[in-house]
Amino acid sequence: MVTKMDWRIREFQELDSTNQTLQELSAKEKEGLVVVADRQRLGRGRRGRTWESQEGNAYFSLLLKPQTDTKAAPMLTLVAAYSLAKYLRSKMVDCEIKWPNDLVVNGKKICGILTEMTLDGSRIAAVIVGIGVNLVPGTIPPELCDVATSIEEACGVRLTRQELIRGFLEEFERNYQIFLRTENLQELSADYNSLLVNCGREVRVLEPGNEYQAKALGINENGELIVCMEDGTQKTIYAGEVSVRGCLGYV
Ligand code: BT5
């Protein structure tokens with residue numbers, strides 16, 4: 001059965017982090033609340049990193065309450081990245097997915113996604129998917145300009161935050177229903193892989209205490225990246241533990 005999502009958008013001028021505010025609201029709210037901020041004081045990246053959040057770009061978080069196994073929750077990062085990539089490509093933004101949580105244009109990052117889960121015993125209480133998208137030039141600090149850009153700067157496409165969020169939610173809702181039906185990415189992985197910048201490329205895998213080079217082949221139905229090692233053996237890597245870089249640059 002396909003049920004329509006009840007998206008409710010709540011906008012703020014300034015927050016520490018849209019993920020944090022949504023986390024605080026999550027126990028009392030139903031699935032579908034979207035918290036949006038003009039700017040963030042303490043925008044969060046993964047593993048304690050920061051997300052630069054000057055005014056002009058899109059910073060928003062979705063509240064989801066999937067009744068799935070906890071193991072499926074991290075796949076929502078991939079569902080969100082895929083959905084945003086599909087929407088942006090329909091707007092002539094030539095972006096690709098950098099596994100697991102970035103979108104890039106011409107090798108530079110335009111979007112980052114941070115998914116956080118809270119548990120109620122062994123069940124999922126909430127999954128918060130936080131998304132930052134660089135829309136306009138002049139919002140990235142100079143030290144990040146080698147690895148990051150904005151949609152307008154990279155493609156000359158101007159999108160407002162409102163149209164981006166609306167378009168994204170429409171695409172996400174469709175893919176979220178597919179994900180909920182299968183509790184994995186089996187129906188999305190082939191199209192996902194066609195948008196994956198890493199596909200067929202040599203990547204450096206940065207695991208805690210271990211770094212190696214391998215060729216990325218694409219994701220499997222669990223959202224893990226399949227890589228081919230130098231000796232020809234295949235291995236799957238799980239996003240929670242690692243980062244992946246290009247061998248020469250960011251992708
Ligand atoms: C991410 O982390 O890419 C996840 C970013 C999620 C941000 C959203 S905004 C709404 C919601 N509320 C939050 O508090 N967070 C979410 P990670 O893969 O760890 O990448 C972080 C790295 O990206 C930093 O260390 C910088 O190198 C780079 N970076 C920081 N700000 C950036 C920006 N605005 N654009 C592009 N790259 C950036």
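The model is predicted. The ligand is surrounded by 27 residues, and the protein buries 91% of the area that the ligand exposes when taken alone. The cavity count comes to one at 30 Å³ or more.

**Ligand: polar contacts and burial**

- Ser 17, Arg 44, Arg 49, Lys 109 and Asn 134 are the closest of the 27 residues around the ligand.
- Arg 44 places a polar backbone atom 2.7 Å from an oxygen atom of the ligand.
- Arg 46 also uses a polar backbone atom, 2.9 Å from an oxygen atom of the ligand.
- Asn 134 works through its side chain: an N or O atom there is 2.8 Å from a nitrogen atom of the ligand.
- Taken alone, the ligand exposes 790 Å², and 91% of that is buried by the protein.

**Ligand: make-up of the shell**

- β6 supplies the largest share, four residues.
- By class, the shell has 13 polar, eight nonpolar and six charged residues.

- Glu 202 has Lys 215 in β9 as its bridge partner.
- Two residues separate β8 and β9 in their hairpin. Gly 209 sits in the turn and has a positive phi of about 75°.
- Ala 216 has Val 227 in β10 as its bridge partner.
- The hairpin of β9 and β10 has five residues between the strands. Gly 223 in that turn has a positive phi of about 80°.

- The largest cavity has a volume of about 30 Å³.
- Its lining consists of Leu 78, Val 79, Tyr 82, Leu 185, Leu 188, Ser 189, Tyr 192 and Ile 219.
- α2 (75–90) and α5 (189–194) each supply at least two residues of this lining.
- α2 gives the most, with three residues.
- The lining has seven nonpolar residues, one polar residue and no charged residues.

Note on methods
Residues numbered from 1 in each chain as written. Predicted model: local features only at pLDDT ≥ 70, side-chain atom pairs only at ≥ 80, totals over all residues. Heavy atoms only, no water. Near = heavy atom within 4 Å. Polar contact = N/O pair within 3.5 Å; in protein donor to acceptor, adjacent residues only side chain to side chain. Areas by Shrake-Rupley, 256 points an atom, 1.4 Å probe, with all protein chains shown as cover. Nonpolar A, V, L, I, M, F, W, Y, C, P; charged D, E, K, R; others polar. Pairing = 2+ DSSP bridges. 1 Å grid on protein atoms, 1.4 Å probe; cavity = no way out; pocket = protein on both sides within 12 Å on 5 of 7 lines; lining within 4 Å. Points joined across faces, edges and corners; volume = space filled by probe spheres on them.
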